Amino acid sequence: MRYAKSSVLASIMTAAVALAAPAHADPDVDFANELHTYGIYGPKDYNAWIGKITCQRLDNGLDQDADMSAKFVFRQLGKDATTAQAWAFLGSAIDSYCPEQRPVLAAVAQQ
Amino acid sequence: MIKASIATAVVSVAAVALPAVASADASDDYPIPNRILKTTCTVDQYMAAVRDVEPIYYQRYMIDYNNRPPDIQQGARDRIYWFFSLDYAGRRQYSEDTATNVYYEQMATHWGNWAKLFFNNEGVAAHGTDVCATYPPDDPSVWNW
């Protein structure tokens, strides 16, 4: 009886450990995965840095609009990158790291 | 016969002894990259350029900078402005002085990487000096990051 109880307990604990395992939440991984859908590859950490610095430049006013921001991003992507990819990168970076900057993109849409 | 062998021995000892005096002379690219010795850009121009073209390198330097006490920050700024005020010959001499005497640069005893953005990476120096002339000569915002 005692043995049965402890084996039930053990299997509950095993289940708890197994369930907890996939609960990783790394925004840099999600960001990298999103970039892959646009055909943007390269080191995950590099792209995450660029995404966060892009936000910082918007936050402190160094890049005053989305156009300047996209130009900054374009310069950091590989030689084969397209303008469309730079804009896709910018949109993902804002969604991932500074959603409060979404109006910057909306302002371009209204031009 | 004995004389000849002594002479040979002396010559070969000398030959061995001479290369051993391997002093760490500076070259035109070491320890300070050639582009930095020759650029006519100001500190602010160079930093603004690196902020745009090597943003991660700039970011890392500024994180390090921001972690220093204010007097060290001030010292680093004063020192790099002083360096950029030198002409090519003066910069080359400074490069020589820091290469041959590790205690020459006092700033480095307070902050080892105080000039990393300027002196440590030839690629960064090249990319920065390629475009630095297009930036405003005075831009204090480069130190606010």
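This is a predicted model: local features need pLDDT of at least 70, side-chain atom pairs count only at pLDDT 80 or more; totals for chains, interfaces and linings use all residues.
**The interface**

Begin by selecting chain A and chain B together. Eleven residues of chain A are in contact with ten residues of chain B. Between them the two chains bury about 1000 Å², and carbon and sulfur atoms account for 61% of that area.

The side chains of R75(A) and D52(B) meet in a salt bridge, with an N to O distance of 3.6 Å. The count of salt bridges between chain A and chain B is two. Polar contacts may be displayed next; the rule finds four residue pairs of this kind across the interface, both residues of each pair being at pLDDT 80 or more.

Now colour chain A by secondary structure. Which helices of chain A each supply at least two residues of the side that touches chain B? They are helix 3 (44–59) and helix 4 (66–76). Helix 3 of chain A provides the largest share of that side, six residues. Colouring the side of chain A that touches chain B by residue class shows six nonpolar, three polar and two charged residues.

Leave the interface and select the cysteines. A search of the whole structure finds two disulfides over all chains. A disulfide is a covalent bond between the sulfur atoms of two cysteines.

Centre the view on C55(A) and C98(A), whose sulfur atoms lie 2.0 Å apart in a disulfide. The link of C55(A) and C98(A) is left-handed, with -75° about the S-S bond. C55(A) lies in helix 3 of chain A and C98(A) in the loop between helix 5 (83–97) and helix 6 (102–109), so the pair ties together parts that are 43 residues apart in sequence. Are C55(A) and C98(A) buried or exposed? Both residues are buried.

**The disulfide of chain B**

Finally, move to C41(B) and C132(B), which are joined by a disulfide with an S to S distance of 2.0 Å. This disulfide of C41(B) and C132(B) is right-handed, because the torsion about its S-S bond is about 85°. The pair links distant parts of the chain, 91 residues apart: C41(B) is in the loop between helix 2 (34–38) and helix 3 (43–53) of chain B, and C132(B) is in the segment after helix 9 (122–131) of chain B. Applying a surface shows C41(B) and C132(B) to be buried.

Methods:
Residues are numbered from 1 along each chain as its sequence is written. Chains are lettered from A and ligands numbered from 1 in the order in which they are written. Side-chain values use heavy atoms; hydrogens and water are left out. Contact means heavy atoms within 4.5 Å. Buried area is the accessible area (1.4 Å probe) that two parts lose on being put together, summed over both. A salt bridge is a side-chain nitrogen of Lys or Arg within 4 Å of a carboxyl oxygen of Asp or Glu. A polar contact is a pair of N or O atoms within 3.5 Å; within protein, one must be able to donate a hydrogen and the other to accept it, and residues adjacent in sequence count only if both atoms are side-chain atoms. Helices (H or I, at least four residues) and strands (E, at least two) are DSSP runs, numbered from the N terminus. Ala, Val, Leu, Ile, Met, Phe, Trp, Tyr, Cys and Pro count as nonpolar, Asp, Glu, Lys and Arg as charged, and the others, Gly among them, as polar. A disulfide is a pair of cysteine sulfur atoms within 2.5 Å. Buried means under 20% relative accessible area, exposed over 50%, partly exposed in between (1.4 Å probe, protein chains only).
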